Amino acid sequence: MYEPYPASGAGELTPEPVQQPRSVRTAVRLMILAAGLEVIALILALLTRSALKTAILRRHPHYTATQLHNAQNAQTVVLVVGALIAVALWLWMAWANGRGHNWARILSAVFFGISTLGLVLSFAAGRGVGDIIVGVILWLIGLAVIVLLFRKESAPFFARAASPG
């Protein structure tokens, strides 16, 4: 009897799974750490909203109490939404890179570029020292993540996930 396709398991070549390299494991852990730092920074920013009020008054001394209140609330909303988006992106990239998705490695590099631009703009905007310190720490974590994801030892893990089959 002729079998047009080999029976299951007979003669099939299944690619060996590529273990997640240490560099990728470390990058994933750093991304989770960065998400945690974003949450901590958000909590600290919310606890020190009075500093935000002072900063707004320094830039706009002519604001009425209502204008000051509205500006403080608007900036708080932007801060909260931005932090939640950042946390979600860090966790999403940790998940996707941890599974070896090459698109996630590339997207992480794009996000790092955006983060670099944001850090430069925060220096130009004259943000508070605390904001700058947190921004630099998160940027350094992002730099370490990118270096780890694009190391030579990481390439086979991402190539395996990108190959068909």
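**Basis.** I worked from a predicted model, in which local features need pLDDT of at least 70, side-chain atom pairs count only at pLDDT 80 or more, and totals for chains, interfaces and linings use all residues. Residues are numbered from 1 along each chain as its sequence is written, and side-chain values use heavy atoms, with hydrogens and water left out.

**Leu79.** I located Leu79 in helix H3 (residues 65–98); helices here are DSSP runs of H or I with at least four residues, numbered from the N terminus. Leu79 counts as partly exposed because its relative accessibility is 36% (buried is under 20%, exposed over 50%, partly exposed in between, with a 1.4 Å probe and protein chains only). Leaving aside residues up to four places away in sequence, I found Leu79 touching Leu42 and Ala45, where contact means heavy atoms within 4.5 Å. The C-alpha atoms of Leu79 and Ala45 are separated by 8.4 Å, although the two residues are 34 apart along the chain.

**H1 and H3.** I then examined the axes of helix H1 (residues 22–47) and H3, which come within 9 Å and cross at roughly 165° (lines fitted to C-alpha atoms over the stretch in contact, with angles from 0 to 180 degrees between N-to-C directions). H1 is therefore roughly antiparallel to H3, a label for angles over 145 degrees. The contact includes Leu42 and Ala45 of H1 and Leu79 of H3.

**Met31.** I noted that Met31 touches Trp90, Met93, Ala94, Asn97, Val145 and Leu149, not counting residues up to four places away in sequence.

Methods: Helices (H or I, at least four residues) and strands (E, at least two) are DSSP runs, numbered from the N terminus. Angles under 35 degrees count as roughly parallel, over 145 as roughly antiparallel, 65 to 115 as roughly perpendicular and the rest as oblique.
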